[in-house]
Amino acid sequence: MKKNTLSLAMLFISMMLYSQSPGYNDTNGNNIKTGMHSNGNLFFSEGFDANFLTSYELGLANPSTIFGAGIWMSGIDPVGNLKVAHVSYSNGPQEFSSGPIDENILGAEANRVWKVTESEIIAHINDFMDGNIDEQPADNIIQWPAKGNNYYTPPLPIDQDLAPFFDADNNGNYDPNMGDYPIIGNDLSDIVPAEMLYTIYNSDNPSFNNPPDVEIHALMYSFDCIADEVLANTIFTRHTFIHRGTQSYQNFKFSFWQDADLGCYTDDLVGCDTILNAMFTYNEDELDGENGTSCFGTNTYGDNPPVHSTVFLNQKMESFYVYYNPAFGNPPIAAQNPDSEFEHYQNMNGIFRDGTPITIGGNGYNPGSQDNTKYAYYDDPNDENGWSMISAGIPSGDPRIVASAGQESYQPGQIFTLDLAHIFTSEPSSNNIETVTDAKVDIQAVQELYNIGFEGSCGILNSINQAEYDHIKVFPNPTSGRYSIFQSNDFDSYILRDQLGKTVSRGNLNG
């Protein structure tokens with residue numbers, strides 16, 4: 001391998017590996033093992049089992065905090081037709097179809113989830129440090145489904161934005177032989193996740209009535225930060241929604257549905273924090289399951305039940321709705337599983353399926369009350385005087401949640417992005433309720449890191465093995481165009497990039 005090469009804004013010293021599997025792929029880049037399906041289902045296993053496995057170790061009976069999750073969408077077209085699409089359980093009818101709306105773009109490859117991990121990408125970056133590719137790129141890099149990739153079979157179009165990539169030569173098309181490689185997005189181009197999954201699916205399913213013409217590009221990624229316990233126990237998702245239709249939609253909702261099963265699925269409680277734009281699932285008592293060990297064959301967390309949180313990182317959570325598995329706790333009929341498209345639409349707008357708004361107090365279903373809200377159980381369960389499932393005495397069971405963001409008008413061609421963090425919090429010194437407080441600290445920590453582009457984390461490219469390059473200086477920085485490089489004859493070539501990752505100069509060094 002050639003000598004090292006200097007990058008002004010970042011020094012690429014991480015590792016990423018890339019592999020592929022059709023229809024489903026999993027990730028285990030940090031303490032959590034989970035997966036994603038090409039039809040939009042999140043966190044189910046390939047065999048439709050609970051698959052958000054925490055503190056994962058191969059061969060052990062690892063409990064899970066989530067059974068399944070995914071995206072719901074709804075809106076109204078110009079003539080008043082309701083447009084709805086939503087994930088369901090993996091072994092049921094699916095309203096989303098794998099691949100782009102234009103099925104010719106990926107062809108037979110549409111039913112696929114691509115996986116990127118560290119080593120192949122960084123090997124590729126290091127190979128291109130001198131501006132040339134000396135070794136054949138790995139097939140997994142060559143086959144990244146990005147715009148204009150001529151090495152893909154069939155070649156991908158230049159007029160369709162597909163998988164995100166770092167455009168080293170700034171020509172707008174993906175070409176690994178010019179140094180291009182997969183990234184989370186242009187806003188996070190200097191981030192190397194431990195692992196990343198990517199797929200495309202759409203709601204244009206002719207098997208269902210009146211779906212919206214929306215294409216969804218989904219990413220799942222993680223960071224393996226040994227020194228940062230919060231990041232090591234967090235999975236991130238990014239859903240990019242592209243309106244491919246010709247009509248505008250009004251009151252369009254982008255919703256996240258989740259069936260959280262915190263180990264044992266019969267003793268869960270849920271709540272939300274409207275300030276943090278977050279929702280959380282916690283245990284009813286200090287023992288998860290019967291005697292802390294048994295739950296109909298499901299692995300439990302015993303005497304240390306954790307909290308699972310999901311936070312809207314880049315959007316306001318406009319509503320938080322809860323409905324219940326009718327097999328537990330005898331919930332009102334209006335608060336049970338939605339059946340029709342209209343009932344799903346009601347839930348996405350923070351309304352019970354019979355049209356009754358959420359009202360403050362009890363289980364939130366109080367027809368005739370005028371004390372309306374869009375958020376169920378919005379107080380901290382540690383607050384005895386607040387409204388939570390604990391203070392209201394709501395029986396535990398198997399609640400499901402629907403949290404929504406939205407747009408008043410969603411126009412053809414418009415892009416909407418929803419970034420979420422899914423956080424596992426376990427604190428041995430805290431009980432089941434106190435762990436909610438610990439979870440809120442974790443939520444704030446993840447939000448703050450996201451707000452600064454994960455600066456200072458193990459995922460940032462210029463923070464990795466930086467001490468190895470402390471003897472190198474580039475000055476002045478910032479510069480108006482003239483600069484000097486001081487180094488001790490360790491580099492024979494360089495690439496200078498700005499803070500957005502754009503290459504502004506490259507060249508050779510002479511001593």
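The legends below describe close-up views of a single-chain predicted model.

**Figure 1. Overall composition of the predicted chain.** The chain contains five helices and 26 strands, and buried residues account for 58% of its 511 residues. Among contacts in the chain with a separation of 6 or more, 67% are made by residues 24 or more positions apart. The accessible surface of the chain comes to about 20300 Å², and carbon and sulfur atoms contribute 47% of that surface.

Figure 2. Strand β15 (residues 268-273) is largely enclosed by the rest of the structure, because six of its six residues are buried. From this strand, Asp268, Val270 and Cys272 point one way, whereas Leu269, Gly271 and Asp273 point the other way, and the residues of both sets are all buried. The antiparallel pairing between β15 and strand β16 (residues 278-283) extends over six bridges, and within it Val270 has Thr281 of β16 as its bridge partner. The two strands, β15 and β16, form a hairpin with four residues between them, and in the turn Asn277 has a positive phi of about 55 degrees.

**Figure 3. The aromatic pair of Phe223 and Phe236.** A search of the whole structure finds 31 aromatic pairs, and this view takes up one of them. The ring centres of Phe223 and Phe236 are 5.7 Å apart and the ring planes stand at 75 degrees, so the pair is edge-to-face; the angle is over 60 degrees, the cut-off for that class. Phe223 lies in the loop between β12 (214-222) and α3 (229-232), while Phe236 belongs to strand β13 (residues 234-243), so the pair ties together parts that are 13 residues apart in sequence. Phe223 is buried, with a relative accessible area of 1%, and Phe236 is also buried, with a relative accessible area of 0%.

Figure 4. Phe254 and Tyr410 form an edge-to-face aromatic pair, with 5.2 Å from centre to centre and 80 degrees between the planes. Because Phe254 lies in strand β14 and Tyr410 in strand β21, this pair ties together parts that are 156 residues apart in sequence. Both residues, Phe254 and Tyr410, are buried. They also belong to a cluster in which ring pairs link Phe241, Tyr249, Phe252, Phe254, Tyr410 and Phe416.

**Figure 5. A lysine charge over a tyrosine ring.** The charged end of Lys33 sits over the ring of Tyr56, at a distance of 5.6 Å from the centre of that ring.

Note on methods. Residues are numbered from 1 along each chain as its sequence is written. This is a predicted model: local features need pLDDT of at least 70, side-chain atom pairs count only at pLDDT 80 or more; totals for chains, interfaces and linings use all residues. Side-chain values use heavy atoms; hydrogens and water are left out. Buried means under 20% relative accessible area, exposed over 50%, partly exposed in between (1.4 Å probe, protein chains only). Contact means heavy atoms within 4.5 Å. Accessible areas come from the Shrake-Rupley method with a 1.4 Å probe; for residues, only the protein chains shown count as cover. Two strands pair if DSSP finds at least two bridges between them. Rings of Phe, Tyr and Trp (its six-membered ring) pair if their centres lie within 6.5 Å; planes under 30 degrees apart count as stacked, over 60 as edge-to-face and the rest as tilted. A charge sits over a ring if NZ of Lys or CZ of Arg is within 6 Å of the ring centre and within 35 degrees of the ring normal.
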